[in-house]
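Reader: I am new to this structure and would like to understand the terms used for it. Could you take me through them with care?

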Amino acid sequence: MNIRLQWIFGMVWVVCVMCMGCQSGPKISPDTVAVVNQTTIKNNDVEKIYQSRLKQSSQPLSPEETLTLRLTILSQLISDEMLMQRAAIDKLTASDEEVN
């Protein structure tokens with residue numbers, strides 16, 4: 001596993017451990033892989049996207065490619081949640097016209 005992947009995995013693990021110690025934080029279950037403020041991201045969320053992308057792949061992935069894909073998906077879910085929370089704070093919305 002390359003150093004970048006180890007670093008990403010390590011940071012995700014540290015965030016999860018820190019959040020598990022918070023008394024007022026969200027309920028952490030064994031399926032929780034990340035916490036963004038009070039919102040948990042579950043392994044099931046990552047797995048759904050992973051399976052979808054796996055179906056699109058024409059070749060089987062190596063163990064390192066599998067881990068890279070899962071971490072990339074997790075990173076994207078974390079980023080998306082952070083953006084959604086910031087948009088809610090700033091009261092930003094998109095019209096149907098803007099989305100389509």
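Author: Let us begin with a charged pair: Glu47 forms a salt bridge with Arg70, and their closest N and O atoms are 2.5 Å apart. The pair links distant parts of the chain, since Glu47 lies in helix H2 and Arg70 in helix H3, 23 residues apart. This is a predicted model, in which local features need pLDDT of at least 70 and side-chain atom pairs count only at pLDDT 80 or more, while totals for chains, interfaces and linings use all residues. Residues are numbered from 1 along each chain as its sequence is written, and side-chain values use heavy atoms, with hydrogens and water left out.

Reader: What makes the pair of Glu47 and Arg70 a salt bridge?

Author: The term asks for a side-chain nitrogen of Lys or Arg within 4 Å of a carboxyl oxygen of Asp or Glu, and the 2.5 Å between Glu47 and Arg70 therefore meets it. Asp90 and Arg86 also form a salt bridge, with their closest N and O atoms 3.2 Å apart, and the structure holds 2 salt bridges.

Reader: Why is Glu47 called partly exposed?

Author: Buried means under 20% relative accessible area and exposed over 50%, with partly exposed in between (1.4 Å probe, protein chains only). Glu47 has a relative accessible area of 21%, so it counts as partly exposed. Arg70, at 27%, is partly exposed as well.

Reader: What makes a set of residues the largest nonpolar core here, and which elements supply it?

Author: A nonpolar core is a set of buried Ala, Val, Leu, Ile, Met, Phe, Trp, Tyr and Cys residues joined through side-chain atoms within 4.5 Å. The largest one has 12 residues in all, among them Val33, Val46, Tyr50 and Leu77. Strand E1 (32–36), helix H2 (43–56) and helix H3 (63–89) each supply at least two residues of this core, and H3 gives the most, with 5 residues. Helices (H or I, at least four residues) and strands (E, at least two) are DSSP runs, numbered from the N terminus.
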